[in-house]
Amino acid sequence: MLGLMQDFPLLVHRVLDHAARWHGDTEIVSRAVEGPIHRTNYRELNARSRALADAVQKRLGVKPGTIIATMAWNTWRHMEIWYGVMGVGAIVHTLNPRLFADQLAYIVNHAEDQWIFTDLTFVPLFEKLQDRLPKVRGFVVMTDRAHMPETTLRNPVCYEELIAEGDAGFEWPDFDENTACGMCYTSGTTGNPKGVLYSHRSNVLHGLMCALGDAMAISGRDRIMPVVPMFHANAWSIAFSGPLSGASMVMPGAKLDGASIYEMLNEGKVTITAAVPTVWLMLLHYLEQNPHLKLPHLDRVVIGGSACPEAIMKAFVEHYGSDVIHAWGMTEMSPIGTLGVKSAKAAELPSAEWWKVKLKQGRPPFMVDMKITDDVGKSLPHDGRTFGRLKVKGPSVARSYFKGEGNDAFDAQGWFDTGDVATIDEYGYMQITDRAKDVIKSGGEWISSIELENIAIGCSGVQEAAAIGLPHPKWDERPLLVVVRKPGSNVSREDVLAHLKGRIANWWMPDDVVFVEEIPHTATGKISKLALREQFGDYRFTS
Ligand code: ADP
């Protein structure tokens, strides 16, 4: 027997409609790419998204299923494009400008993107790349007539003129909630990048999940700033969770240095924000240099994308009075998988014990299921010690890649193998020990590169650290620690080793510590272990 409740497809434009009807005056503050601070609200954003929805169909020939790419910073315009394009059953494919030209060309061609919406920043990039993108019909430059550049781009369209052609009273169509609406490629550290195709249903459910009390706990009283870009795994849902909660949005635009982020946090009276650790390192460094500055509005900071070092967490919690939520996820999961919030049991732990748990990546909210298994798929115990392959399931987890490539990560029971290695403790907190391909295998045992890095970064004078396994005649692999010194510091190999001693098992001790000017990063801000292993390909341990 079926229930007698209304059919209400979970379509993302319903999120914006809700925000416009019930939080219409709530502000969206952005740093415009052209420079000034721009203010709008949900009522206006909804009207402009509807006008855009109308215009992209009439002028650009967009139809349900058409894939439209964006290369853009977090601003109100980027939000309008998400809602306007998704709202007609078309798909927004976010492009990461930090990818190499070859990868970008591959991704755009593989996805068969029809139009590219680009911020002014990336016009020169596409002028160079466009000949390698033969299927792209044209480019919409996200600015007004006054700022429209002279450009050799094919079919350049001015964004504000495009919107002006549309009808702000355009009625959103209704369609199946399983319709595709968003697309993002993984960075493809091994093999070609793979496309993840989100649906309206998965995005709405994921947006709700992230707003839950034991997730980011977003409410209509929050002012939320996604520093994590909309081109990096959906800005961790914030462009959906914010409007569905009626939270005010603060969009940082193109400037992500410490001073600019501080300015937006302060001007925007931001209560919750989210980004990868490197962004917070820059902010904390800026605050250290300007000790009179405080963060009086900031209640909590979501940190993920790579493991959050203890030093960053402690600085926010103990020095600035803002809580930190450590989160883990991936593009294939929309992206949120776990968040390090306090469970009732964990709340009973003494402070020092809780800190050990807080440093882990956290617990899954409703709609994410997870397990760790051995190599033959047997589930492993939740004892906080046993490492296993981390596998996940849920309505906002991919079940296949676009065009079916790389599908061996999905098993017949619907579990997706994340490629991460993790432990789960008795309280249900998951801790990433490594990406499967980065774990250091010494004498048949595993050493967690992430743990080595996190501890090393606590050594004074160390700015950034990366541990990689290099071949060793006796032990198979041994750890090499690569360190960037803080400006002005002369921290030595011996200082770093002395700091590690006693904090890790003796056999985890790096065989050597080397200092470099810079550690290479991937397009999503992670340490590029692949590049480091290449860089140190000829390195040999002396003993
Ligand atoms: P890409 O794979 O394209 O770099 P993703 O954001 O999808 O981008 O990367 C997901 C991976 O990032 C995860 O599988 C995990 O290895 C790593 N990761 C994400 N968050 C954390 C975290 N809090 N701690 C450790 N690793 C993390």
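**Pocket, cysteines and salt bridges in a predicted model**

In this predicted model, the lining of the second largest pocket draws at least three residues from each of domain 1 (12–319) and domain 3 (440–535).

User: Which element gives the largest share of the lining of the second largest pocket?

Analyst: The second largest pocket holds about 900 Å³ of space, and of the 40 residues that line this pocket, the closest to its centre are T278, V279, L281, M282 and I312. Two or more lining residues come from each of α10 (277–289), α11 (310–320) and β22 (462–472). The largest share is 8 residues, and the element that gives them is α10.

User: How many residues of the lining of the second largest pocket are nonpolar?

Analyst: The lining residues can be sorted by kind, and this places 6 of them in the charged group and 12 in the polar group. The nonpolar residues of the lining number 22.

User: How many disulfides does the structure hold?

Analyst: A disulfide is a covalent bond between the sulfur atoms of two cysteines, and here a pair has to lie within 2.5 Å to count. The sulfur of C308 is too far for a bond, because the closest cysteine sulfur, in C210, is 18 Å away. The sulfur of C459 is likewise too far for a bond, because its closest cysteine sulfur, in C308, is 18 Å away. The number of disulfides in the structure is 0.

User: Which residue forms a salt bridge with K360?

Analyst: Side chains of opposite charge can pair when their charged atoms come close. The pair that includes K360 has its closest N and O atoms 3.0 Å apart, and it links distant parts of the chain, 65 residues apart, with K360 in the loop between α12 (351–358) and β16 (369–373) and its partner in the loop between β18 (416–424) and β19 (430–435). Both residues of the pair are buried, and the partner of K360 is D425.

Definitions and conventions
Residues numbered from 1 in each chain as written. Predicted model: local features only at pLDDT ≥ 70, side-chain atom pairs only at ≥ 80, totals over all residues. Heavy atoms only, no water. 1 Å grid on protein atoms, 1.4 Å probe; cavity = no way out; pocket = protein on both sides within 12 Å on 5 of 7 lines; lining within 4 Å. Points joined across faces, edges and corners; volume = space filled by probe spheres on them. Helix = DSSP H or I, 4+ residues; strand = E, 2+ residues; numbered from the N terminus. Nonpolar A, V, L, I, M, F, W, Y, C, P; charged D, E, K, R; others polar. Domains from an automatic or database assignment. Salt bridge = Lys/Arg side-chain N within 4 Å of Asp/Glu carboxyl O. Buried < 20%, exposed > 50% of the residue type's maximum accessible area, 1.4 Å probe, protein only.
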